[in-house]
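The following exercises concern the structure shown below.

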Amino acid sequence: MVDAGKWWTLPVAPALLLGFAVLAVAGKTALDDRGAGRSVTPVGVLRPLLAVPRALVAQPRRLPASDRLLWRLGVVTVPVAAVLSTLVIPFGNHVVADLSVGVVWFNAMEVLTWAGLWLAGWGPNAAFSLVGGYRFLAQGLAYELPLMFALISAATGAQSLRVTDIAGAQHGLWYAVWMPFAFAVHLTGVLAFSFLGPFAYPAGRDIADGVLGETSGVDRLLLRAGRWLWLAAGAAMAVPLFLGGGAGPGLPAWAWSLVKTVLVLGLLVWVLRRLPALRADRYVELAWVVLLPAAIVQVLVPALVDLGP
Amino acid sequence: MGVTNTVLLWVLGVLALTGGVLVFTLNSMARVAFSLLGCLVCVGGVVTVLGLPYLGVVIVLMMVMEMVIMAVFMIAYMMNPAGLMPMSMVHNTRGALVISGAVLAALVAGIFLVPWPGRTGARPKDSTFQLGMSLMADQMLTMVTLGFVLLATMVGATVLATRRGRYDRFGDELDRRPAEDPAGGGVGR
Amino acid sequence: MTFELLLVLAAGLFSTGLYGALSQQSIVMIMMGIELMTGGVVVAAAVFWSFLSPGASGGQVLVVAAVLAMAVEMAMGFAVTTAIYRARRVDMADMAEDLKG
């Protein structure tokens, strides 16, 4: 049923991810335009893409005693990890690499962002950047454990770590329906690891853009693209984990995957504009005292259901 | 073991050893932490190639988190984190070199002299499944012990690392609400 | 031959870590040495599982135990470092010699 590892999936998966990321940026601009009372036009919503040529010709910023190697490494890690995470995400009936430990792979790639962002904060030898990197770690310690349990909930329900198995195990009843809490925690985690909206704290305005602050040119482009790529990857992962993957009536599987991913992405973009920024010290207590126990209870639900007949 | 796997093992092995040596030769603490991370990620890769994908990827996941936290502590405690002013932080290098060299020689001699038995048993279809079944069945006691070790670590590490007790938070009569904390939490306890 | 070479890799990681743990002064660096040593144990356990008895799960469980030891070692190590740093601004093993017993 699922075709794994066709050669053409390898270039298509990153292109698709990039397409979703651009769509998310365009959607956010459209909502911004509407909020500001401007008319929403196709050219207008693609305005943020002008940053790409601008970044490519921008003069790089040089800083005294910066750690160029680690800085570059961190900046590159964020988008690359986002692309690598999509290897295991099925789109319709196709997946690049149907790993038997797909869920763990996605999680490991997402954790690579920790290292990437901390390095991006450390590299430039600037205080606000480093504060931004530390802020992401504090935020990471808060969102990571509930997110892990949310992923494990879906894996427990399907009794498999293979993402295509999880998508296939949801006959008729999506995991989002009977594990709504895990779904919500996953979406929160997506916003958190793409440090957008309420979780934009590591790149907050109060610390002059934090991890993004000292970057310039291509570096800045890569980091900012990394955020949206991660948002798109997280939304795409929610579809096989909680929304039944490509299953649906009438349309072919790829079309259902497309529709569901766009809907999740739209929801995330809408939410990230509506919520205020969360401080990590406040979120960490909420995450550990409320979300984490609730997430563990959520894992118990599929575990007990699986025990049954 | 195919050619691809052998090549992968060689590359990962050499990278792991290089990373390990760099840990004790570099000056910058951030670079030290991340060369150790590179080394341990390569270890995870070796474990994956050897047929244990779950453990390999989990090692990568855990080591990234561990090393990033470690980098934070290193920079907090060490006096020269960026290595901008190289300084020596070692003692008794000669003795350490002799001891570790002797250990290495003994281990290598053992590796090549011991008559290793042949392979017994076939590879399971899914090594993750084998691990899970064994941890939840005949190795249950190991699992329970490890769980208690982790719990004890969490409690012990928190007690050791924190300066404030409940009397600092809730007052001498333990009746101050909300608690007096240096940073207020999100749920207002 | 791959089997022996992989074990040499494990031995190399272990010895490098041992050198670091013995020669470094800073507690954090000593912990890095111990992490490397445990990394060697992980490699050795995986190699033994793969080449000697893939049918039994003992090697895998050993890997789990070693990885867990790494986590525990780091958590307790940083807790102790934090405690001693807070008590007397010390982060070097040589300055805490009176704890030798």
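**Exercise 1.** In which loop of chain A does Asn125(A) lie? Determine also whether this residue is buried, partly exposed or exposed.

*Solution.* The model is a predicted one. Step one: Asn125(A) is located in the loop that joins helix H5 (102-122) and helix H6 (127-158) of chain A. Step two: the phi angle of Asn125(A) is near 60°, a positive value in a residue other than glycine. Step three: a residue is buried if 20 or more other C-beta atoms lie within 10 Å of its own, and exposed if 12 or fewer do. Asn125(A) has 17 C-beta neighbours inside 10 Å and therefore counts as partly exposed.

**Exercise 2.** Locate Leu174(B) and classify its exposure.

*Solution.* Step one: Leu174(B) belongs to the segment after helix H7 (166-170) of chain B. Step two: its phi is near 55°, again a positive value in a residue other than glycine. Step three: because 11 other C-beta atoms are within 10 Å, Leu174(B) is exposed.

**Exercise 3.** Describe how helix H1 (residues 9-35) and helix H12 (residues 253-274) of chain A cross.

*Solution.* Step one: the two axes come within 10 Å and cross at roughly 45°. Step two: H1(A) and H12(A) are therefore oblique to each other. Step three: the crossing of H1(A) past H12(A) is right-handed. Step four: the residues making the contact include Phe20(A) and Leu31(A) of H1(A), and Thr261(A) and Trp270(A) of H12(A). By class, this contact of H1(A) with H12(A) comprises eight nonpolar, three polar and two charged residues.

Note on methods:
Residues are numbered from 1 along each chain as its sequence is written. Chains are lettered from A and ligands numbered from 1 in the order in which they are written. This is a predicted model: local features need pLDDT of at least 70, side-chain atom pairs count only at pLDDT 80 or more; totals for chains, interfaces and linings use all residues. Axes are lines fitted to C-alpha atoms, for helices over the stretch in contact, and angles run from 0 to 180 degrees between N-to-C directions. Helices (H or I, at least four residues) and strands (E, at least two) are DSSP runs, numbered from the N terminus. Angles under 35 degrees count as roughly parallel, over 145 as roughly antiparallel, 65 to 115 as roughly perpendicular and the rest as oblique. A crossing is left-handed if the near helix is turned anticlockwise from the far one by less than a right angle, and right-handed if clockwise. Two residues are in contact if their C-beta atoms, placed from the backbone, lie within 7 Å. Ala, Val, Leu, Ile, Met, Phe, Trp, Tyr, Cys and Pro count as nonpolar, Asp, Glu, Lys and Arg as charged, and the others, Gly among them, as polar.
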